Amino acid sequence: MNVVMVVNVVMVVEDDPDVREATGLLLEDAGYEVLAAESSSQALNIIQAREDIDVVFTDVNLREDRNGIELAQEIKARGSRASFVVVSGDLGWSDTPLDEDMRFLAKPYGRRTLLEVVGEACGRARRES
Amino acid sequence: MRSRTQGVVTGIMEERTSHTILAVECTPELSGTDVMEHRFELLVQSVVDYAIYMLDPQGRIASWNSGAQHIKGYTAEQVLGRHFSMFYTEDDRARGLPDRVLAIAANEGRYNGEAWRVRRDGSRFRAMVAIDAIRNADGQLLGYAKVTRDITARWEAQSRLEQSERRFRLFAEGAVDYALCMLDHDGFVQDWNEGAERMTGYTAREIVGKPVGFLFSVDDRSAGVDINLLRQASEKGSHDDEHGYLRKSGSRSLAKMTMRALRDKEGVLHGFAFLLRDISGQRATEVALETTREQLQQAQKLDALGQLTGGVAHDFNNILQAITGHLDVASLHLERGDAGKAIHQIDSVSRSVDRATHLVRRLLAFARRQPLMPTRIDLGRQVASMTELLGRTVGPRVSIRWNLAPEPLWVLCDAHQLETALVNLVINGRDAMPHGGSVCISTGIVVAGEGEPPTACLVVEDEGIGMPKEMAAKAFDPFFTTKPLGQGTGLGLSMVHGFVEQSHGAVALHSVPGEGTRVTLCFPICDAPEYSHVEPTH
């Protein structure tokens with residue numbers, strides 16, 4: 001059986017180091033290549049260098065100037081093919097209208113949900129490309 | 001004519017001019033009625049303080065002395081033969097008074113009265129009048145002897161006194177919120193105003209003549225409370241006290257009492273003025289006010305807490321996420337038999353649990369109902385302990401810049417209220433910056449002016465929308481809010497104001513539309529504690 005190994009690339013943007021580490025480990029364990037960023041500026045630098053990112057998985061409440069939703073819009077504006085998962089512990093954001101290629105995920109999420117949502121986002125990213 | 005002389009003498013006697021009588025009695029060696037009469041004429045003529053004159057039976061003036069001329073301003077030529085009613089006021093004449101008094105004198109032998117009379121120049125004077133009917137031995141009316149005295153000065157003095165007394169009585173009776181009573185020098189009630197009736201339930205009739213001890217309970221009386229009041233007042237001149245008193249109904253109440261000794265210039269004690277004001281209502285109001293204030297403070301704190309909770313809940317979800325994530329990773333490691341890696345993850349979970357615990361503790365400490373209790377605190381340290389909580393509260397768009405004085409700033413205030421005040425100010429700053437910005441929190445020592453004592457200040461400054469002067473002037477009013485309905489109680493700044501005042505400090509607000517708002521709280525600096533033991537910040 002010929003299996004074409006496609007390794008999907010996920011960028012995790014999260015300012016909380018514990019959350020960033022655990023999420024990264026779970027995604028790596030599931031076979032993703034994980035790029036971690038702790039701020040929106042760092043995330044934009046990574047996007048600049050890597051065009052193969054399938055999913056941007058970002059926290060909404062980032063300590064710096066842009067929030068996660070604004071970051072996603074900026075990345076899209078720069079022509080990235082990635083699809084987006086925006087995450088927040090503040091459910092207030094769940095009412096914010098998101099673009100079609102964005103999906104909201106409430107904290108806290110378990111491993112199963114994480115993998116489901118990211119897997120689905122990968123599917124979206126591929127369809128569009 | 002003898003009887004006429006006697007009549008005049010009687011009239012003068014009535015006016016207590018004893019020297020006149022003496023003069024008459026001292027002439028026994030003069031024999032014969034004529035001599036006597038002549039002497040008497042001279043005497044009457046020389047009297048200037050009294051108008052003494054005779055009327056014929058019809059009331060026409062038959063004689064006139066110098067006193068009459070002096071008092072009424074007419075000479076003998078001007079009045080002899082005219083009717084005596086010419087001295088009456090127009091009103092009295094119209095009422096037929098002159099005839100009436102003559103009739104009384106004729107019927108009863110004499111008339112005494114007091115009334116206004118008119119002088120020649122038209123001015124009035126108060127006259128005390130005595131008219132005696134003069135009859136011969138057969139009882140035939142010969143005429144009248146009339147003695148008039150000008151008592152205007154005395155009358156005016158009297159009426160001033162009466163007016164003053166009336167005013168005082170009205171004043172005392174009008175002071176219905178005060179019980180005013182006069183006691184004699186033994187402490188027996190002499191006078192009792194309406195206020196005293198209202199307060200005690202006793203009417204003046206019931207209590208006048210009773211000892212003041214009546215107002216005290218049996219226990220108080222046997223403890224000598226009433227006697228003590230009187231003695232203290234007697235010794236010091238005046239004595240103030242707050243004491244329970246007993247109403248007629250038997251109910252007890254609390255009054256502020258003043259007992260004042262009334263002494264004349266010679267120091268003779270004439271009695272006491274006793275003044276009571278019921279303060280039970282005042283007490284109750286004070287207690288109610290204090291309760292309301294505390295409730296308000298609590299409500300305000302809950303309001304601030306609501307704001308905090310929003311920030312903290314978000315943060316709490318982050319912590320839960322870290323826990324869930326690390327546990328999931330730990331499970332993966334265990335499934336693959338890698339216990340070492342699993343333990344590493346579980347350590348991370350423990351750290352996250354500690355974080356959550358601390359956060360909850362901090363919130364609970366803030367929310368707990370604490371009695372207001374000023375303590376000596378280091379302003380900078382207290383403010384610094386709020387760093388984490390405030391950071392979460394303002395959210396990601398607003399940053400907080402800290403500029404805290406390195407040295408301790410010892411002030412006397414309630415630490416929890418200080419925290420509430422700071423949270424309120426920071427939330428206000430955040431809300432004034434809907435598009436983000438920074439709130440600057442600083443502490444330091446400020447000297448307002450030369451010779452002024454230095455104060456410890458806490459300044460919260462935002463770069464927000466600011467507000468115009470008129471609005472800034474109302475900012476400390478209760479229920480004043482610039483926020484949309486439902487977003488603020490309008491109590492924040494008023495609570496801050498109340499808190500600072502209570503701490504003997506001052507609060508100032510400076511705002512420029514479009515530039516921002518700065519609120520400065522200043523507290524008097526107090527001495528550092530003798531040993532500065534280090535409390536854990538959390």
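1. Leu412(B) has its place in strand S12 of chain B, which covers residues 410-413, and in this predicted model Leu412(B) comes out as partly exposed, with 16 other C-beta atoms within 10 Å. Because a residue has to have 20 or more such neighbours to be called buried, and 12 or fewer to be called exposed, the count of 16 for Leu412(B) falls in between. Its surroundings bring together separate stretches of the chain: leaving aside neighbours within four places in sequence, Leu412(B) is in contact with Pro374(B), Arg376(B), Ser503(B) and Cys526(B). For the pair Leu412(B) and Pro374(B), the C-alpha atoms are 5.8 Å apart in space, although 38 residues separate the two in sequence.

2. A sheet of chain B deserves attention next. Five strands of chain B make up an open sheet with mixed pairing, in the order S11-S13-S14-S16-S15. The edges are held by strand S11 (398-403) and strand S15 (506-512) of chain B, each of which has a single partner strand, so that one side of each is left without a neighbour in the sheet. On average, and with direction ignored, neighbouring strands of this sheet are turned by 15° against each other.

3. Within that sheet, strand S14 (residues 455-461) and strand S16 (residues 516-524) of chain B run antiparallel and are joined by seven bridges; in this pairing Val460(B) stands opposite Val519(B) of S16(B). Helix H16 (residues 387-394) of chain B lies across S11 and strand S13 (437-446) of chain B, and its direction makes an angle of about 155° with S11(B).

4. How enclosed is strand S5 of chain B, residues 178-183? Five of its six residues are buried, so S5(B) is largely enclosed by the rest of the structure. S5(B) pairs in the antiparallel sense with strand S9 (residues 269-278) of chain B over six bridges, and there Ala179(B) stands opposite Leu276(B) of S9(B). S5(B) is also joined by three bridges to strand S6 (residues 189-192) of chain B, again with the strands running antiparallel, and here the bridge partner of Leu183(B) is Val189(B) in S6(B). The hairpin of S5(B) and S6(B) has five residues between the strands, and in this hairpin Gly187(B) takes a positive phi near 90°.

5. Turning to chain A, the secondary structure comes to four helices and five strands, which follow the pattern β-α-β-α-β-α-β-β-α when read along the sequence. Of the 129 residues in chain A, 43% are buried. Among contacts in chain A between residues at least 6 apart in sequence, 60% join residues at least 24 apart.

6. Helix H1 of chain A (residues 17-29) passes a simple check on its length: at 1.5 Å a residue its 13 residues should span 18 Å, and the end C-alpha atoms are 18 Å apart, which agrees. The buried residues in H1(A) include Asp18(A) and Arg20(A), together with Val19(A), Ala22(A), Leu25(A), Leu26(A) and Leu27(A). Just after H1(A), Gly31(A) takes a positive phi of about 100°.

7. Which residues have the most contacts inside the largest nonpolar core? This core has 42 residues, and those with the most contacts inside it are Met11(A), Val55(A), Val56(A) and Phe57(A), while H13(B) gives the most to this core, with seven residues. Apart from neighbours within four places in sequence, Val56(A) is in contact with Met11(A), Val13(A), Ala72(A), Ile75(A), Ala82(A) and Phe84(A). A second, separate core of 38 residues includes Leu422(B), Ile427(B), Val500(B) and Phe523(B).

8. The contact between the chains takes 19 residues from chain A and 16 residues from chain B. On the side of chain B that touches chain A, helix H13 (280-335) and helix H14 (339-367) of chain B each supply at least two residues, with the largest share, 13 residues, coming from H13(B). By class, this side of chain B has nine polar, five nonpolar and two charged residues.

9. For chain B as a whole, there are 19 helices and 16 strands, and buried residues make up 32% of its 538 residues. Of the contacts in chain B with a separation of 6 or more, 56% are accounted for by residues 24 or more positions apart.

Methods
Residues are numbered from 1 along each chain as its sequence is written. Chains are lettered from A and ligands numbered from 1 in the order in which they are written. This is a predicted model: local features need pLDDT of at least 70, side-chain atom pairs count only at pLDDT 80 or more; totals for chains, interfaces and linings use all residues. Two residues are in contact if their C-beta atoms, placed from the backbone, lie within 7 Å. Ala, Val, Leu, Ile, Met, Phe, Trp, Tyr, Cys and Pro count as nonpolar, Asp, Glu, Lys and Arg as charged, and the others, Gly among them, as polar. Two strands pair if DSSP finds at least two bridges between them. Axes are lines fitted to C-alpha atoms, for helices over the stretch in contact, and angles run from 0 to 180 degrees between N-to-C directions. The expected span of a helix is 1.5 Å times one less than its number of residues. A nonpolar core is a set of buried Ala, Val, Leu, Ile, Met, Phe, Trp, Tyr and Cys residues joined through C-beta atoms within 7 Å.
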